[in-house]
Amino acid sequence: MKKVSRRSLLKAGLAGGVAAGLAGRPASARATASFGGYPESMGVLVDLTRCIGCRSCEAACNAEQHLPEPDLPFDDTSVFEEKRRTTERAYTVVNRYETPAAEHPLYRKIQCNHCNEPACLSSCFVNAYRKTPEGAVIYDPTVCVGCRTCMVACPFYVPAYAYSSATNPVIKKCIFCYDTRLRYGRPPACVEACPQEALTFGRRQDLIKMGHERIRNHPGRYVDHIYGETEVGGTAWMYLSSVPFDQVGFDTDLGTAPIISYVKEFLTIVPMVLTIWPALFVGFHLLATRKENARDKEKKS
Amino acid sequence: MRAAVANGKLGPGEAVQAGEAARWTLREKLLLGLSGRQYLALVFRNPVNWVLACIFAVGVPVIVGRFVFGLGWATHGSYDYPWGLFLAWGLFTMVPLSASGFMLGTTVEVFGRTDFKPIERLALLNGLLGYFFAVVYLQVDLGQPWRLIYPMFVSLGPAAVLFLVAWHVATYLSVQIAEVSPAFFEWIGWQRGKQVVRSMILGLTIAGIILSTLHQGALGALFTYAPGKVHPLWYSAPFQWFHFFISSIFAGLSMLIVVSSLCKRFMTWRCDERFLGSLDRLTIGLAKGSSLALATYLVVKIIGVAHDGDWLYLATGWGQYFLFELFVGVIVPLALFTRAIRHDRAGLARVAAWIAVAGIALNRINTALVAFNWKLYQEVPHWREVVIVATIYALYFVVYRFILYRWPILYEWREGQEEPCMTLSRSSTGG
């Protein structure tokens with residue numbers, strides 16, 4: 001048996017490691033463990049039973065983020081005729097739901113849920129997104145190429161795009177008022193504007209406790225679930241509802257795994273193909289052409 | 001053009017043939033041996049050019065408008081459907097149809113099947129142009145196309161699937177340019193460059209296999225970011241990349257059969273005997289490869305349904321549509337290819353190839369547009385979007401044809417001989 005020296009083994013291992021490191025990229029590294037969220041991160045608990053659909057939050061957001069004036073004023077309730085979504089001109093919208101289970105219509109506020117493991121962040125190929133320790137998912141418009149993969153990836157259909165701009169179109173979404181408020185420990189503008197205390201700002205961990213307490217203390221008032229506690233790996237914005245969540249526009253089929261976990265299956269094959277294919281196909285080549293090579297050798301000798 | 005040649009008017013084949021004895025000058029190389037006036041007459045005589053002119057007349061202003069007024073003007077600017085026809089057709093369909101380059105590169109250079117050499121260059125060119133125009137489509141779709149190099153040099157997001165696609169398509173484009181460059185070097189008469197590329201060809205080809213495996217698969221993996229949005233029958237987290245990769249094999253081979261049969265029919269004067277004489281046999285060879293890939297794809301598609309437990313969806317309307325796609329796009333071409341191989345009928349293989357190409361387009365558009373947001377509503381592309389897609393495809397056609405007319409793709413540039421050897425006879429020009 002041929003002796004394999006320690007040195008040659010190390011060399012080969014090192015070369016392979018470098019190749020894999022260069023080629024395999026941190027893709028799989030990030031995909032190895034799931035991230036439960038920053039321990040001190042903040043969040044908001046939205047209680048649908050308290051919301052009266054006054055749209056004060058929409059108005060406050062509009063002012064805080066210097067968004068263009070809407071077509072209809074914020075006290076116009078005709079907007080409830082249809083189900084709206086977030087747009088480049090509105091980072092948060094409130095929709096009305098008539099449900100058989102509740103006597104009164106229910107209102108649901110939509111904005112970025114600020115996931116613990118954001119799909120937008122993990123799908124972005126220029127690393128424009130960042131999850132801050134405070135809990136916000138923020139976005140750097142100066143590096144955005146405009147591929148809109150984050151919009152495809154977001155399970156909540158939140159990011160909007162400034163399609164109207166030809167020269168500087170960027171992603172438009174709620175940033176938890178990070179620049180002006182959250183980083184200084186202050187609640188976002190919408191929470192501060194809510195007259196009903198339907199929105200509660202606090203540490204995410206505390207809000208989860210508070211939500212479960214409310215469910216326990218008011219039997220029959222709530223569905224026994226906090227939407228966002230576990231959905232797609234957990235979100236900073238969470239919801240309490242008196243009717244099943246799918247009746248008020250929530251997607252209840254999202255599962256508890258973060259979106260990145262669905263992509264891992266592909267990401268793990270990447271380093272394997274990069275490292276195995278060269279040797280495999282050179283081997284095929286040598287096998288396929290061995291007769292010709294033998295003939296060439298004979299000719300030479 | 002064939003009609004013109006048949007009418008006894010001067011055709012490009014005859015003109016080039018007339019200059020056989022002499023070295024090729026710029027006139028032979030660029031104007032196919034015609035004078036400027038003759039060449040223009042030829043251009044105007046061809047009805048295809050009139051159709052192209054109409055497309056450009058409508059399409060170019062719309063493309064300009066897209067960049068002046070923004071994406072919201074050219075498309076519906078949908079927040080729910082961020083990706084429209086530009087990517088569904090331009091990226092997700094063009095790229096698999098361009099897999100021919102790495103398939104034939106592997107066949108000839110790695111597996112040593114030199115009998116496929118007459119069609120290798122066409123396969124490589126088909127790959128190069130397909131990828132190049134996929135990038136053109138991408139540039140139309142990107143909000144800020146001038147930042148295309150950002151993921152490479154400015155701000156890197158290496159954990160994203162699109163990062164892999166960007167790097168691999170860019171690298172593979174360079175590999176394909178190198179692979180096709182010998183034809184260009186022969187045409188401009190620079191032998192040194194050709195030899196340099198020749199010495200790297202095995203490395204380039206294997207790089208091509210690696211890059212193609214991963215980015216063809218990665219295009220599928222892009223959809224794994226949207227588990228709730230793509231209909232479960234078109235979505236499979238573990239198999240999506242494999243579905244896209246395997247289907248790119250028969251997509252590329254079938255596209256090559258389609259393109260080569262078009263060349264044989266409409267560009268006979270430019271093909272040499274080596275190409276024309278071997279094409280039927282090679283078509284059957286490509287059909288064998290396609291049918292193997294189709295059979296594999298069919299099995300893995302069924303495994304995908306079984307693995308994810310999607311059987312019940314087959315009973316719904318979506319399931320019918322899924323089975324329709326699978327039947328027309330996979331089972332029918334598979335059956336036709338098999339029959340063509342058994343009875344050695346290249347013509348039937350060509351029919352099968354057309355269907356397979358259409359089937360791939362159907363699958364990719366279904367995944368990106370039809371089965372996407374299946375719980376919401378169906379997006380129908382804006383007419384300007386359709387016009388832009390058609391215009392860029394017309395541009396692709398023009399560039400493709402320009403190169404095939406001139407570079408030694410369909411004919412062989414004999415080594416050690418300054419002038420190309422035209423093996424055409426008068427009768428073959430007329431056919």
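In these legends, Ala, Val, Leu, Ile, Met, Phe, Trp, Tyr, Cys and Pro count as nonpolar, Asp, Glu, Lys and Arg as charged, and the others, Gly among them, as polar. The model is predicted, so local features need pLDDT of at least 70 and side-chain atom pairs pLDDT 80 or more, while totals for chains, interfaces and linings use all residues. Residues are numbered from 1 along each chain as its sequence is written, chains are lettered from A in the order in which they are written, and side-chain values use heavy atoms, without hydrogens and water.

**View 1. The largest cavity.** Start with a space of about 120 Å³; a cavity is a set of points on a 1 Å grid over the protein atoms alone where a 1.4 Å probe fits but cannot get out, and lining residues have an atom within 4 Å of a point. Its volume is the space filled by probe spheres set on the points, which are joined across faces, edges and corners. Among the 16 lining residues, A:Cys51, A:Cys57, A:Cys194, A:Ala198 and A:Leu199 lie nearest the centre. The lining divides into 11 nonpolar, 3 polar and 2 charged residues.

**View 2. Where chain A meets chain B.** Here 60 residues of chain A and 61 residues of chain B take part in the contact (heavy atoms within 4.5 Å). The rule finds 4 salt bridges across this interface, a salt bridge being a side-chain nitrogen of Lys or Arg within 4 Å of a carboxyl oxygen of Asp or Glu. Look for A:Asp253 and B:Lys375, whose side chains form a salt bridge (3.7 Å, N to O). Helix 9 of chain A gives the most to the side that touches chain B, with 11 residues; helices (H or I, at least four residues) are DSSP runs, as are strands (E, at least two), numbered from the N terminus.

**View 3. A salt bridge within chain A.** The side chains of A:Arg181 and A:Glu64 meet at 3.2 Å, N to O. A:Arg181 lies in the loop between strand 7 (171-172) and helix 6 (189-193) and A:Glu64 in helix 3 (residues 56-64), so the pair ties together parts of chain A 117 residues apart in sequence.

Notes:
1 Å grid on protein atoms, 1.4 Å probe; cavity = no way out; pocket = protein on both sides within 12 Å on 5 of 7 lines; lining within 4 Å.
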